[in-house]
Amino acid sequence: MAEPAAPNEHFAQKSDAELLYLVQNPQRYPQGLVQAAVQELQRRELIPRELPDAEKPASAPVAPPDESTGQLARKLLQTVFWPTKTYFVTPLLIDANLLVFALMALSGVNVFTPAGVDLVAWGSNFSPLTLPGQPWRLLTSCFLHGGPAHLLLNLSALLFLGLLSEPLVGRGRLLLVYVCSGVGGSLFSLAWHTQGVNSVGASGAIFGLYGLLLALAALRAVPMSRAERLSLLWFMLYMVLNSLVAGLEANTDNAAHVGGLITGLFAGALLSLLGLPKPPKQGISA
């Protein structure tokens, strides 16, 4: 039996059309056969030995490596807890609440169900002490919480409202409204609970941010379309009413909520009269 011809000799016997067909349909034949056909066509000078750069197929873009779960989690944490230019006060307030909660836990307080005496020791709004001569409790109580669920609920609302309101009013005004609303909620709580109260939580200050946004939208202090304004108003009203109804259950200081809301409404009306800061203009590069 005769030995098979060498590949080059075999392809040398093929016509130009047969070789071109092999090259134009590489998916149908083994890669070695296609490469041999290319070499034979190059030997016959029917195709260039090397394609010019302009005719070479562009290399496929290299996709960036997928981010790991750890990297995504780190970015999320930085976004929520790290101050930026337009999101500065909100993360600091979130961090302050978390820090106080952590310090309470490290000191031995049962942060899942803290005892009333422990909350008083850490600065709760305890009427027998607040009224006679410890007014600082009106504010410190806003950074204390009665458990992880209480803390998480308030901080999620603070994150949402801070992202909405801080770019509109600026960091200084937001901090002022937050503090005043927290104090206003504590004062209203003392006035409402004539039999005494031991209250903690950032809810009064957070309701102040609800009031702030309601006033800004209702008084048209923020440039937005009619549809956007109505959407914001209805959404804020829904959140306020839903929170107040949920607060009708026992051990919830709805008086602080109402006091903070009223303070925020007044603050929003005042800021509407004074005018809000203009958003920073983008720089022009030469």
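Over residues 175–194 the chain is 90% helix and 0% strand, with its end C-alpha atoms 29 Å apart. This span is among those that UniProt, in an unreviewed entry, annotates as "transmembrane region"; such annotations may be inferred rather than shown by experiment.

The model is predicted, with local features requiring pLDDT of at least 70 and side-chain atom pairs pLDDT 80 or more, while totals for chains, interfaces and linings use all residues. Residues are numbered from 1 along each chain as its sequence is written, and side-chain values use heavy atoms, without hydrogens or water.

The largest pocket has a volume of about 910 Å³. Of its 39 lining residues, those closest to the centre are His-150, Ser-203, Asn-251, Thr-252 and His-257. A pocket here is an open set of points on a 1 Å grid where a 1.4 Å probe fits, with protein on both sides within 12 Å along at least five of seven lines, and lining residues have an atom within 4 Å of a point. Elements supplying at least two lining residues each include helix 9 (148–169), helix 10 (171–192) and strand 2 (198–199). By class, the lining comprises 15 nonpolar, 22 polar and 2 charged residues, Gly being counted as polar.

Leu-99, Leu-103, Leu-106 and Trp-122 form a nonpolar surface patch of about 420 Å² (residues with over 30% relative accessible area and no salt bridge, nonpolar side chains joined within 5 Å; areas from the Shrake-Rupley method with a 1.4 Å probe). Helix 5 (residues 89–106) gives the most to this patch, with 3 residues, and Trp-122 belongs to helix 6 (residues 116–122).

The salt bridge count is 1 (a side-chain nitrogen of Lys or Arg within 4 Å of a carboxyl oxygen of Asp or Glu). Arg-43 and Glu-40 are joined in a salt bridge at 2.4 Å, N to O. Both residues lie in helix 3 (residues 31–43), 3 residues apart, about one turn of the helix.

How values were computed
Points joined across faces, edges and corners; volume = space filled by probe spheres on them. Helix = DSSP H or I, 4+ residues; strand = E, 2+ residues; numbered from the N terminus. Patch = residues over 30% accessible without salt bridge, like charges linked within 9 Å, V, L, I, M, F, W, Y side chains within 5 Å.
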